Amino acid sequence: MSPSSSKKDTKIVVVGGAGTIGSSTALHLLRNGYTPSNITVLDTYEIPSAQSAGNDLNKIMGIRLRNPADIQLSMEARDMWLNDEVFKPYFHNTGRLDCGHTPEEIESLKEAYETSVNAGVGLEKTTEWLDSEEEILKKMPLLDREQIKGWKAVWSSDGGWLAAAKAINSIAEVLKKEGVKFGFGGAGSFKAPLFAEDGTTCVGVETVDGTKYHADKVVLAAGAWSPTLVDLEDQCVSKAWVYAHMQLTPEEAAQFKDTPVVYNGDLGFFFEPNEYGIIKVCDEFPGFTRFKQHQPYGASSPKKVSVPRSHAKHPSDTIPLESEASIGRAVDAFLPRFKDKKRFNQALCWCTDTADANLLICEHPKWKNFILATGDSGHSFKLLPNIGKHVVELIEGTLSKELKDSWKWRPGSGDALKSRRAAAARDLADLPGWNHDGETDSITASIDQLKLSKEETAKTGGGPAVEI
């Protein structure tokens, strides 16, 4: 059988296919010649999934290089955001300003700068070291000089922001037009793999409503929900980050139009306002977990797993009280003119970390034809255009050794609770202020901010993962 005929007949189910890695995988299956009607995308919510971290107002685009795989993936992604018709309308190339003011953060910035300019891929032409407040203000004059005393920064003209939910929806339009199949709700929510008589060869999946989808390959790309669905042996720990929106007046929004993304590793980050004048601010911290006794498929008994709590299912959830204060500190530093402006749509958003912050993209070692594609570690949305290409390479057996080694099954290789962050995540059970179950609308800080109308949802998107 020729490779082309094999692709034509191969049936593939993508679980979590309405999020970042899943939607990219479905797109690249199409681009690689798989029959649309043989591709099935499953998710609890329609694409872009309401509980995907990618269903967001915006994400940071930047090229941060930690290893050779990062260089390849980042440069591929940049080129596709700039040139691919599906993606280029959603890249706002406003530039990125990475700032620091503590000795540790400044040293980290210097290392990142030197890595970029010495990478041999042309970044020395687009990356600049800024050694004073004066140089920083030339790139972003709307910062307050008094608030940035002692700051240093790295400027990247390659950076900017990505209209996240809109970009995933752009993929959705292609998938629907080409005839890809979908299953949502109970018919799209994973329950268990289906196996052949040998008990180890995956031949499909069953969803929570009892629907069975038969396939030659199954890809689990369920983001932060992946460790709750199948036992990943503690390789991934799901964590929440927080964000808040502020509504600017048309005059204020006009001032901030086309301003760069500003990121400070000790404070957080913010973006230029979107077309509705909504500006998003995030703080920076190691994340929040939510550990429960839970038994994912494949585990022999219940175990402690950090279980995400979907804002789509619990719209009255907000953020811990301490996060309100830390976002306030970020606003004070970045946007002091808006320190008294009301913040709304404050919510938790979930990603899943690996110990080394590399993805987990591999065939399950015990289940043939069951592919894992998860472990985003808060920096994968920029790879939306190209990550699916490499998942398809894994499916076809052509993935490079370098990427295979980076993304392999690796239990016991480190502490995913801490990952590469400065400290381990803290658990939401220890933090007050975010859970409003059973409370009245008056207590939950105005229900119109928490349960957004369809129009408002279009304005604000879902919620962010920290894209670094």
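## The largest cavity

About 140 Å³ of space lies in the largest cavity of this predicted model. The count comes to 1 cavity of 30 Å³ or more. Rolling a probe the size of a water molecule over the atoms shows where empty space is left.

Which residues lie closest to the centre of the largest cavity? They are I63, R64, S116, V154 and S156, out of 15 residues in the lining. By class, the lining holds 7 nonpolar, 4 polar and 4 charged residues.

## Elements around the cavity

Which of the elements gives the most? Helix α4 does, with 4 residues.

Now turn to strand β14, residues 236–247. It is mostly covered, with 11 of its 12 residues buried.

Strand β14 has pairing partners. One is strand β21, residues 343–354. The two run antiparallel and share 10 bridges. Within this pairing, V242 stands opposite L348 of β21. Another partner is strand β17, residues 278–283. This pairing is also antiparallel, over 4 bridges. Here Q247 has I278 of β17 as its bridge partner. In a regular strand the side chains alternate between the two faces of the sheet.

## The annotated domain

UniProt lists residues 12–394 as "domain: FAD dependent oxidoreductase", in an unreviewed entry. Over this stretch the chain is 26% helix and 28% strand. The C-alpha atoms at its ends are 13 Å apart.

Terms used: Residues are numbered from 1 along each chain as its sequence is written. This is a predicted model: local features need pLDDT of at least 70, side-chain atom pairs count only at pLDDT 80 or more; totals for chains, interfaces and linings use all residues. Side-chain values use heavy atoms; hydrogens and water are left out. UniProt positions are given in the numbering used here, feature names are shortened, and annotations may be inferred rather than shown by experiment. On a 1 Å grid over the protein atoms alone, a cavity is a set of points where a 1.4 Å probe fits but cannot get out, and a pocket is an open set with protein on both sides within 12 Å along at least five of seven lines; lining residues have an atom within 4 Å of a point. Grid points are joined across faces, edges and corners, and a volume is the space filled by probe spheres set on the points. Ala, Val, Leu, Ile, Met, Phe, Trp, Tyr, Cys and Pro count as nonpolar, Asp, Glu, Lys and Arg as charged, and the others, Gly among them, as polar. Buried means under 20% relative accessible area, exposed over 50%, partly exposed in between (1.4 Å probe, protein chains only). Two strands pair if DSSP finds at least two bridges between them.
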